[in-house]
Amino acid sequence: MDEDKLIMIETQTDLMQLLAKYPNHPLQALGMCLKTIADCYVLSLGEDGAVKILETVIDSVNNGNHSQNLPKIPKNQLN
């Protein structure tokens, strides 16, 4: 596994562990993460760079790259 993929997996794991600390307020916790990430992009890339990143994210969501399509379970396999 290359280093970029390893860093991505570690970061995702850390973020999920952070969100798991707030099971009674999942959307608020996720919202604060998103705000903090946006703040970091603005600080790192400036407002124009952050807007470009957000436009890329919007395109990615609209293209279905983040859809959670769960497989249909046949009725004879349901409990």
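Contact here means heavy atoms within 4.5 Å. This is a predicted model, in which local features need pLDDT of at least 70 and side-chain atom pairs count only at pLDDT 80 or more, while totals for chains, interfaces and linings use all residues. Residues are numbered from 1 along each chain as its sequence is written, and side-chain values use heavy atoms, with hydrogens and water left out.

**Stop 1: S60**

Select S60 and show what surrounds it. Leaving aside residues up to four places away in sequence, S60 touches N65 and H66. S60 sits in helix α2, which covers residues 26-62; helices are DSSP runs of H or I with at least four residues, strands are runs of E with at least two, and both are numbered from the N terminus. Is S60 buried or exposed? S60 counts as buried because its relative accessibility is 17%. The classes are buried under 20% relative accessible area, exposed over 50%, and partly exposed in between, with a 1.4 Å probe and protein chains only.

**Stop 2: K35 and D39**

Stay on helix α2 and select K35 and D39, both of which lie in it. They are four residues apart, about one turn of the helix. Side chains of opposite charge can pair when their charged atoms come close. D39 forms a salt bridge with K35, and their closest N and O atoms are 2.9 Å apart. The term requires a side-chain nitrogen of Lys or Arg within 4 Å of a carboxyl oxygen of Asp or Glu. A search of the whole structure finds one salt bridge. D39 has 35% relative accessibility and so counts as partly exposed. K35 is also partly exposed, at 46%.

**Stop 3**

With a relative accessible area of 61%, S44 is exposed.

**Stop 4: Y22 and L54**

Go to the loop between α1 and α2, where Y22 is found. Y22 counts as partly exposed, at 43% relative accessibility. From Y22 to L54 the C-alpha separation is 26 Å, for 32 residues along the chain.

**Stop 5: I7 and N69**

Select helix α1, residues 3-20, and pick out I7 within it. I7 is partly exposed, with a relative accessible area of 42%. The C-alpha atoms of I7 and N69 are separated by 26 Å, and these residues are 62 apart along the chain.

**Last stop: the whole chain**

Zoom out. How many helices and strands does the protein have? There are two helices and zero strands. The radius of gyration is 17 Å, well over the 12 Å that the globule rule gives for 79 residues, so the protein is more spread out than a compact globule. That radius is taken over C-alpha atoms, and the rule is 2.2 Å times the number of residues to the power 0.38. Along the principal axes, the C-alpha atoms fill a box of roughly 55 × 30 × 30 Å. Of the 79 residues, 8% count as buried.
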